[in-house]
Amino acid sequence: MNDRRKIERIAAWRLYVITDESISKGRSHEEVARLAVAGGADVIQLRDKTASDRRLFEAALRIRETTSNAGAVFIIDDRLDIALAANVDGLHIGLDDLPIRIARQLLGAGKILGVSARSVDEAVLAEREGADYLGVGPVFEARGSKPDAGEPTGLDLLREVRSRCIIPVVAIGGIDRSNAAAVIDAGADCAAVVSAVAGADDITAATAELTGIIQVAKSRRGQR
């Protein structure tokens with residue numbers, strides 16, 4: 001059973017920033033996180049498929065300090081061991097990673113578990129198995145930050161998932177200032193970005209702009 005208070009907290013998220021050193025113009029995961037939090041990011045996800053365990057752990061400790069001081073949420077991508085060792089706020093996995101029920105059990109009820117979904121069936125399964133939020137996408141064509149992301153799923157999938165699932169929906173994939181409001185209008189609670197922030201010349205300014213766009217869209221939706 002999903003925790004209603006946890007769902008409400010996650011549904012209040014606006015911008016979810018994923019770090020990526022391959023596109024961050026020489027800036028480290030820690031620097032991207034610090035600058036994004038300064039711009040108002042609600043969530044930071046540390047994602048790195050190639051770093052050593054020690055490097056990930058040390059980065060996680062430093063990012064955890066940054067997010068804790070700012071009241072932001074810190075999520076680790078894929079690596080349950082690093083999430084537990086660094087005592088971060090949560091974990092994000094795909095359906096090809098650990099079974100959701102096992103990840104939920106090992107992570108503990110108090111931590112946040114996000115699960116990627118590329119279809120309504122995957123979203124419904126993830127919710128049933130214990131996910132706290134759904135990462136739905138790629139909504140638009142990804143811009144090089146994740147070459148294996150697959151074909152865009154479009155806004156219709158966001159609408160369908162929103163109509164079938166109770167837990168919060170985080171849209172991901174090719175989102176930037178030009179389309180961030182559209183994913184909120186389609187039913188997403190939050191937008192996750194990689195290139196639009198980590199690849200920006202001014203990370204703090206890009207974060208602040210996107211957060212503002214999403215806040216306006218969420219306020220508009222709430223008034224309908």
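## A first look at the chain

The protein chain folds into ten helices and eight strands. Its radius of gyration is 16 Å, close to the 17 Å that the globule rule gives for 224 residues, so the chain is as compact as a globular protein of that length. Keep in mind as you look around that this is a predicted model.

How far does the C-alpha trace span along its principal axes? About 40 × 40 × 30 Å. Now for what is tucked away: 51% of the 224 residues count as buried. As for who touches whom, take the contacts between residues at least 6 apart in sequence: 61% of them join residues at least 24 apart.

Here are some whole-chain percentages side by side.

| Share in the protein chain | Value |
|---|---|
| Residues that count as buried, of 224 residues | 51% |
| Contacts joining residues at least 24 apart, among those at least 6 apart in sequence | 61% |
| Accessible surface belonging to carbon and sulfur atoms, of about 10,200 Å² | 49% |

Let's zoom in on one residue, Asn179. You'll find Asn179 in the loop between strand 7 (169-172) and helix 8 (180-185). Is Asn179 buried or exposed? Its relative accessibility is 11%, and buried means under 20%, so Asn179 counts as buried.

Methods
Residues are numbered from 1 along each chain as its sequence is written. This is a predicted model: local features need pLDDT of at least 70, side-chain atom pairs count only at pLDDT 80 or more; totals for chains, interfaces and linings use all residues. Side-chain values use heavy atoms; hydrogens and water are left out. Helices (H or I, at least four residues) and strands (E, at least two) are DSSP runs, numbered from the N terminus. The radius of gyration is taken over C-alpha atoms; the globule rule is 2.2 Å times the number of residues to the power 0.38. Buried means under 20% relative accessible area, exposed over 50%, partly exposed in between (1.4 Å probe, protein chains only). Contact means heavy atoms within 4.5 Å. Accessible areas come from the Shrake-Rupley method with a 1.4 Å probe; for residues, only the protein chains shown count as cover.
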